[in-house]
Each structure stands twice: as C-alpha cells, then as structure tokens.
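Subject: Handing over a structure

Dear colleague,

I am passing on the structure below, and after it you will find my notes on what was found. Please keep it open while you read.

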Amino acid sequence: MSYVDEVYERVVRENPSQPEFHQAVREVLDSLRAVIDRNEEKYRREALLERITMPERQLLFRVPWVDDKGQVQVNNAFRVQFSSAIGPYKGGLRLHPSVNLGIIKFLGFEQVFKNSLTGLPIGGGKGGSDFDPKGKSDREIMAFCQSFMTELHKYIGADVDVPAGDIGTGAREIGYLYGQYKRLTGRYEGVLTGKGLSYGGSLARTEATGYGLLYLTEEMLRANGHDIAGKIVVVSGAGNVAIYAVQKAQQLGANVVTVSDSTGWVYDPAGIDVALLREVKEVRRARLSEYARARATAEYHEGRGVFTVKCDVALPCATQNELGLEDAKALVKNGCIAVAEGANMPTTLEATDYLRENGVLFAPGKAANAGGVATSALEMSQNSMRLSWSFEEVDSKLKDIMVGIFHNIDEAAKAYGMPGNYVAGANIAGFLKVAEAMEAQGVV
C-alpha cells in the first residue's frame, strides 16, 4: 500500500463520522501523489503526511447564553488550529446549525493550502458554532458572541490565531466578538479581521472574496484563449460572495443571469440587478422570491436548478457539495467552458472529475476563493502598521495576489506533468510551501 493510501486510511479510521473532512483529505492527497511518490521515503520517515492531516490543536467548548425570554441556551463551539507552519492560524468563524467538528476540520484543512497559495505569512485554522443567527434579536446575538469570546479569547491573538467572518458571521457579529475580546484582554489589536472601518477594518474586505474569484477566473480564461467579456455566467448563492461576484463579473463585461438561496433560485436573462439583490438580501433579509416580484424580467423557481441554465461560466458560491454529478453533466451538455469555486468545496469529487474529463476549466476553491483571506491578511498588515489603505490600493493588491495564485497553480501543474489540472496545481503549490516550512522547523 502506498504512503498516501496508508495515511488516508488512518484519517478515516481516526476521524469517524466526518465525511467532509475525509473528502477534503482524499482530494488533496490524491492530487499530491506525484509529489509524494518522488519523496516517499523521506516524507514517510518524517511522518509528514500524518502531521499535515492532523490539527495542531482542536478546541471544543460549550457556549451558554440567555435568550430574550430569560431561557438559558447552550451551543457547541469549535476552533481547530490546523497549521502554524507559515504563520499564525487564520480562518473564519462559521455560525450555522450544520456546524460540527468534521466540517470545521475540513474547512481548516483546506484553509492551510488556501492561505499558503496567497504567498502571505498566514497558517490555517477554522472555527464556529451550531448557533443560528437567523431569527435572533441583536441582543441575543450579542449575548451569544460575548459568551463565545469569553472562552475563545484564551487561545487567540494577533500573532497566535486571527479569526474572521464566515457564514452567519458578518460585521455585526465581528463587532460584538471584538468588543468582548478587548474587554477581557484590555488589548486593542488586530485579533479579528472583517472589522468595521471605524475600528481597524479594511476597505475592500467586504468585496474581496467575490472580486478575487473573478480576478482569478478572468486570468484562467485569458490563459486559455477566452475573454470573460460577453460570457453568460451562472452564480449560485445570494450572500456576500455571490453578490460581489455578480458585481465584478458585470464590471468585466459578463452577463450574470442567476442567483440562489436556500429555498429557490432566480433566472434573470436581462442580468441580475445587484442593487435590487442587495436590497432584498442585505436590507430586507428576504427570500429571492421578493427579487422576482420586483423585477419583470426575472423568473423565480423553488428548489435547485442554477446549473441547468445554459452558460459559459459557472460560479458556485453557496455551500459545500452543492454542485453534484448531474449538475456537472448539465453544464457540459449546455456548453459550459469554465467552473470556478467561490464557496469552500462546493463541487463533489465525482462532479469535479467529470468536468475536468470533459475539458471544462476548473478552478478549485482553495485558489479561486482565496481573495477573502488574502484581504484579511492585508487587514492584519494595516493593523500592525497602524495604517489604512485606500479601496483602490487594497483592490490592486488583491488582483495581483489572485493573478499570482493562478500562475502559481498553472506552473505547478505543468511542472508535475499535469498541465491544465488546476486542482492538482493548487494542492501541489500550497503543499510544497507548507512542507518546506515544516521540515525546516523540525519535529514539532
């Protein structure tokens, strides 16, 4: 049995009932076989794969808080500090009922390689809770966040672990978390990113993941003889990433015709109205059916269906494993030429393989959605220097980083005899930097 297979079997055996984590490890290790096989004796002796697939620290704790009726509620919370080989742990805090340890480990593992690809000195981590902010009052959310940070603050810091936002954790939640951290420690430091502009946040952070997705997609298309201008694009999701992906795609001359949420999706052949979408989702916090009611050109459909629409480019920006094999077949049948992941692992392994086997350009999330964490690292830099850069300066740095990521993964794929395999290229480029740092630092 190969070293890769041995380690994967160990991961499954030691982490039962964590399918998302198993999937992420399998996808990475399979694409690293060419690298591992060249160095198997050395990596096996150093137990490098065992160490890289095992978090440095896993924190599990309870979060008690009092709701508006005076009832005490208790939620599960997690912080997985996966790797600090190239910098302090960095990764978001997800607040959603689906959150469990396996999902946090999958996200943290992916974050290690994503952060490595940015070229910035940040390690990988992830955290969150099964708390659901939906339907909660501001006071209830504040109570939860303060209790959550009361425990978490013991394990984080500007040079230790710098959490950020994620699903369910927006500007409001980050503000409450930061206030409690400052209250408990007495330190005003860049311990969280995604902060408000009035207390150390960065311009362009809100737009960063969606904009970065399009900068990389544009470069991938250009490198393969295509122009994004004039292309029909389908986007899934209607959150922060999706909204700004739609906006930047339109700025680049594409026509974005879909968005979706947890209950249904909209098809708008005239092009998604970003202002209306933001009004519905960010101000009214309503369902997309409200968008269709306000827009004569739009059709609303219950359930799923974004990837059945004829398009040139598909950008899954919602959640993990939303794009399955049947979706991939529909995309190929309808002539889609490129898929770039705006969410974390939104495409199943079977769908990814099918798309690639049928000649569809495929940019994995650890590369394509790295814009958010890259700009978070830029926020850390601004905090350290007590500076605030302009929107244009941050956006320019973001574009340079995303274009650089594409060329890094392109070159890594070619160097190992897999030209055009950007999944393998992303994993190889991210892995090599982390592995080199781990070897240099000894058995730690």
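Lys248 lies over the face of Tyr211, at 4.4 Å from the ring centre; a charge sits over a ring if NZ of Lys or CZ of Arg is within 6 Å of the ring centre and within 35 degrees of the ring normal. Please note that this is a predicted model, in which local features need pLDDT of at least 70 and side-chain atom pairs count only at pLDDT 80 or more, while totals for chains, interfaces and linings use all residues. Residues are numbered from 1 along each chain as its sequence is written, and side-chain values use heavy atoms, leaving out hydrogens and water.

Tyr211 also forms an edge-to-face aromatic pair with Tyr215, at 6.4 Å centre to centre and 75° between the planes (rings of Phe, Tyr and Trp, the last by its six-membered ring, pair if their centres lie within 6.5 Å, and planes under 30 degrees apart count as stacked, over 60 as edge-to-face and the rest as tilted). Both tyrosines lie in helix α9, 4 residues apart, about one turn of the helix (helices are DSSP runs of H or I with at least four residues, numbered from the N terminus). Tyr211 and Tyr215 are both buried, a word that stands for under 20% relative accessible area with a 1.4 Å probe, counting protein chains only.

The structure holds 14 aromatic pairs, and ring pairs link Phe61, Trp65, Phe131, Phe144 and Phe148 into a cluster. Finally, the charged end of Lys397 sits over the ring of Trp389, 4.9 Å from its centre.

Best wishes

Conventions
Helices (H or I, at least four residues) and strands (E, at least two) are DSSP runs, numbered from the N terminus. Buried means under 20% relative accessible area, exposed over 50%, partly exposed in between (1.4 Å probe, protein chains only).
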